[in-house]
Amino acid sequence: MDQERNMKFMQIAMAHLPEAKQMMEQKGVEFSMEDIQPMLNMLMNVMNDAYELGKEEAGE
C-alpha cells in the first residue's frame, strides 16, 4: 500500500473515529485505542480496495 495514501486514509479514519466511538458507547460497548487498532487496519484495507477499484474503473 502506498505510504502517502495510507497516511491520508488514516487521517480520514481518525476524523470519523469520535462519531464511531460515540455510537459504540451508546450501545454499551466501551473500548480503548488499543481495541480500535484492528478495526482501523480493516478500514484502511477497505479504503485501499475501494481506491484500487475506482482506479481500475477510471482506466476503462
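**Figure 1. Ile 36 and the residues it touches.** Leaving aside residues up to four places away in sequence, Ile 36 touches Leu 17 and Phe 31. Contact here means heavy atoms within 4.5 Å. Please keep in mind that this is a predicted model, in which local features need pLDDT of at least 70 and side-chain atom pairs count only at pLDDT 80 or more, while totals for chains, interfaces and linings use all residues. Residues are numbered from 1 along each chain as its sequence is written, and side-chain values use heavy atoms, with hydrogens and water left out.

**Figure 2. The largest nonpolar core.** Which eight residues make up the largest nonpolar core? They are Phe 9, Ala 13, Leu 17, Phe 31, Ile 36, Leu 40, Met 44 and Met 47. H1 and H2 each supply at least two residues of this core, and the largest share, four residues, comes from H2. A nonpolar core is a set of buried Ala, Val, Leu, Ile, Met, Phe, Trp, Tyr and Cys residues joined through side-chain atoms within 4.5 Å. Buried means under 20% relative accessible area, exposed means over 50%, and partly exposed lies in between (1.4 Å probe, protein chains only). In soluble globular proteins, nonpolar side chains tend to be buried together.

Figure 3. H1 runs through residues 3-26 and has 24 residues. From its first C-alpha to its last, H1 reaches 34 Å, close to the 34 Å expected at 1.5 Å a residue. That expected span is 1.5 Å times one less than the number of residues. Helices (H or I, at least four residues) and strands (E, at least two) are DSSP runs, numbered from the N terminus. Where does H1 bend? The bend, of about 40 degrees, is at Leu 17, and a proline, Pro 18, follows within four residues. Such a bend is the angle between axes fitted to the seven residues ending at a residue and the seven starting there.

**Figure 4. The two ends of H1.** At the start of H1, a side-chain oxygen of Asp 2 reaches to within 3.2 Å of the backbone nitrogen of Glu 4. Just after H1, Gly 28 takes a positive phi of about 90 degrees.

**Figure 5. Helix H2 and its buried residues.** The end C-alpha atoms of H2 are 38 Å apart, which agrees with the 39 Å that its 27 residues should span at 1.5 Å a residue. Ile 36, Leu 40, Met 44, Met 47 and Asn 48 are buried in H2, and what covers the buried residues of H2 includes H1. In H1, the buried residues include Arg 5 and Asn 6, and the cover there includes H2.

Figure 6. Is Asn 48 buried or exposed? Asn 48 counts as buried because its relative accessibility is 13%. The side chain of Asn 48 makes a polar contact with the side chain of Arg 5 (2.9 Å). A polar contact is a pair of N or O atoms within 3.5 Å; within protein, one must be able to donate a hydrogen and the other to accept it, and residues adjacent in sequence count only if both atoms are side-chain atoms. Asn 48 and Arg 5 are 43 residues apart in sequence and 8.4 Å apart in space, C-alpha to C-alpha. Asn 45, also placed in H2, counts as partly exposed at 43% relative accessibility.
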